[in-house]
Amino acid sequence: MSGHRPAGIPGTSPGARLVEAVATRDRDALAAVLADDVDFMGLTPRRSWEAQGRDEVAKVLFDHWFTEEDRVDEVSGVVETAVADTRRIGYRFDLGLAEGPHVAEQQAYYRVSDGRIDYLRVICSGFRPRPAAG
């Protein structure tokens, strides 16, 4: 866990808890919200990702997507809705990277069983340079 808590962390739904776990790089919180056998697929600008089980998902998220050097400063634009038995949560991360401020937006579709996410699909915009204010 990074110890840094960004502004704008959303509510307490499984999707919101997922967003918070990713934003804070908290492997324990991620493990608590994901089912042991979670089925994961993700899409980033240059690659598609697949993982089975929460440990593999953690490796994708924290060893490839958001590494130790990546700091989430703020979570914004959080919108959560339902599509029948599937929930969708969209969110934006304002990032502090070594090469300067960036932004990334993700859309996550998930299903819950026994209070934990057992199906997760995430689409990511990639890290985009944040334009200067003004």
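Trainee: Which elements each supply at least two residues of the lining of the largest cavity?

Mentor: This is a predicted model, in which local features need pLDDT of at least 70 and side-chain atom pairs count only at pLDDT 80 or more, while totals for chains, interfaces and linings use all residues. Residues are numbered from 1 along each chain as its sequence is written, and side-chain values use heavy atoms, with hydrogens and water left out. On a 1 Å grid over the protein atoms alone, a cavity is a set of points where a 1.4 Å probe fits but cannot get out, and lining residues have an atom within 4 Å of a point. Helices (H or I, at least four residues) and strands (E, at least two) are DSSP runs numbered from the N terminus, and the elements asked for are α1, α3 and β6.

Trainee: What is the volume of the largest cavity?

Mentor: The lining consists of L18, V22, L61, W65, Y91, Q106, L120 and V122. A volume is the space filled by probe spheres set on the grid points, which are joined across faces, edges and corners. For the largest cavity that comes to about 40 Å³.

Trainee: How many residues of helix α1 are buried?

Mentor: Buried means under 20% relative accessible area, exposed over 50%, and partly exposed in between (1.4 Å probe, protein chains only). The buried residues of α1 include L18 and V22, and both also line the largest cavity. Helix α1 covers residues 14-23 and is largely enclosed by the rest of the structure, because the number of buried residues among its 10 is 8.

Trainee: Why is the pair of F66 and F93 edge-to-face?

Mentor: Rings of Phe, Tyr and Trp (its six-membered ring) pair if their centres lie within 6.5 Å; planes under 30 degrees apart count as stacked, over 60 as edge-to-face and the rest as tilted. A search of the whole structure finds 5 such aromatic pairs. In this one the centres are 5.5 Å apart, and the pair is edge-to-face because the planes stand at 75 degrees.

Trainee: Is F127 buried or partly exposed?

Mentor: F127 pairs with F66 in a tilted arrangement, 5.5 Å centre to centre with 40 degrees between the planes. F66 lies in the loop between α3 and β3 and F127 in the loop between β6 (116-124) and β7 (128-129), so the pair ties together parts 61 residues apart in sequence. F66 counts as buried at 2% relative accessibility. With a relative accessible area of 27%, F127 is partly exposed.

Trainee: What is the volume of the largest pocket?

Mentor: A pocket is an open set of points with protein on both sides within 12 Å along at least five of seven lines. Among the residues that line the largest pocket are W49, W65, F66 and F127. Its volume is about 190 Å³.

Trainee: Which residue meets D63 in a salt bridge?

Mentor: A salt bridge is a side-chain nitrogen of Lys or Arg within 4 Å of a carboxyl oxygen of Asp or Glu, and the count comes to 9. In the bridge of D63, the N to O distance is 2.8 Å. D63 lies in helix α3 and its partner in helix α2 (residues 27-33), 36 residues apart. That partner is R27.
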